[in-house]
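Subject: Structure handover

Hello,

Please find the structure below, followed by notes on what was found in it.

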Amino acid sequence: MAVTKKFPASFISDAYNLGVRHFGENYVQEFETKHAEVAALTDAHFHLIGHLQSNKTRPAAALFHVIQTIDTPKIAKRLDGEGKPLDVMLEVKLSPEQSKAGADPESLDELVAAIQDCRNLKLVGLMTMPPWTDDAEPSRPYFARLRQLAEKYKLPQLSMGMSHDFEVAIEEGSTLIRVGTALFGPRPA
C-alpha cells in the first residue's frame, strides 16, 4: 500500500497510473482535500491508517474503503452507525510507547465481539506500529506477536511494516505493508 500522507493528490494519480491500487492516508481532513481529485480512480482502495477520532467517523466512512485503526468499541459503534459497509482492522498497541495508539491486546475479546455486533463492519485483520528504530530487526517480535493474535482470532490480514522494516514484516506474515518514503521520498515539510 502506498502511503500518501502529506503528498498532493497528483502523487496518488501517478502511482495509480503505474498500477498501485491501495493507498493509505493518516488524516481524514487531509484526505478530504484530495478526494475530489482521485474519486474517478474507480478501482483504487483508500485506507485510513491514522488514528480515528469519534467526531470524524462520518467523513471517514464516506471517504475510505478500509479503516485500519479501530481501537475501541465506541469508535466501532459510531462508524457502524454511519450505515456504510466497511472493511475494518483493529489497531493493536504492542509497543510501550505513550505516543502509539491502539487497543490493548487484553481488550481484543471485547473489541472483536463489539465489531461482530455491527451490521456494517467486516473485521478483516489487525494492524500495529512497533517502536521506531532504524534497524528493522527489533520490530520482529512485535510483528510475530500480531501474527499470533491474528491466528487466535482467525483474521486473514496483517497490516504491519513500513519503508524501513517491511522485509521483516513480510517474513513474519504481513499481508499489507505501508510504504511511503521508499516510493515517494521524504515527506514534504
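K6 sits in the loop between β1 and α1 (9–17), where helices (H or I, at least four residues) and strands (E, at least two) are DSSP runs, numbered from the N terminus. K6 is not a glycine, yet its phi is positive, about 70°. K6 counts as partly exposed because its relative accessibility is 45%; the classes are buried for under 20% relative accessible area, exposed for over 50%, and partly exposed in between (1.4 Å probe, protein chains only).

Two remarks on the basis of these notes. The model is predicted, so local features need pLDDT of at least 70 and side-chain atom pairs count only at pLDDT 80 or more, while totals for chains, interfaces and linings use all residues. Residues are numbered from 1 along each chain as its sequence is written, and side-chain values use heavy atoms, with hydrogens and water left out.

K154 also has a positive phi without being a glycine, in this case near 55°. Its place is the loop between α6 and β7. K154 counts as exposed because its relative accessibility is 71%.

Next, the sheet. Eight strands make an open sheet in the order β1-β2-β3-β4-β5-β6-β7-β8, with parallel pairing; two strands pair if DSSP finds at least two bridges between them. At the edges are β1 (2–3) and β8 (176–178), each of which pairs on one side only. Strands β2 (residues 22–25) and β3 (residues 45–48) run parallel and are joined by four bridges. Opposite E25 stands L48 in β3.

Helix α5 touches β4 (66–70), β5 and β6, and its direction makes about 170° with that of β5. Helix α6 touches β6 and β7, and its direction makes about 170° with that of β7. Axes here are lines fitted to C-alpha atoms, for helices over the stretch in contact, and angles run from 0 to 180 degrees between N-to-C directions; contact means heavy atoms within 4.5 Å.

Strand β6 has two parallel partners in these notes. Six bridges join β6 to β5 (residues 86–91), and V88 stands opposite L123 in β6. Three bridges join β6 to β7 (residues 157–162), where S159 is the bridge partner of M127. Six of the seven residues of β6 are buried. Together with β5 and helix α5 (residues 108–116), β6 makes a right-handed β-α-β unit; right-handed means that, with the strands pointing away from the viewer, the path from the first strand over the helix to the second runs clockwise.

S139 lies in the loop between β6 (121–127) and α6 (140–153). S139 counts as buried because its relative accessibility is 1%. Apart from neighbours within four places in sequence, S139 is in contact with P130, P131, T133 and D165.

Last, the rings. There are six aromatic pairs, counting rings of Phe, Tyr and Trp (its six-membered ring) whose centres lie within 6.5 Å; planes under 30 degrees apart count as stacked, over 60 as edge-to-face and the rest as tilted. One aromatic cluster is formed by F23, F31, F46 and F64. R21 lies over the face of Y16, 3.7 Å from the ring centre; the rule asks for NZ of Lys or CZ of Arg within 6 Å of the ring centre and within 35 degrees of the ring normal.

Regards
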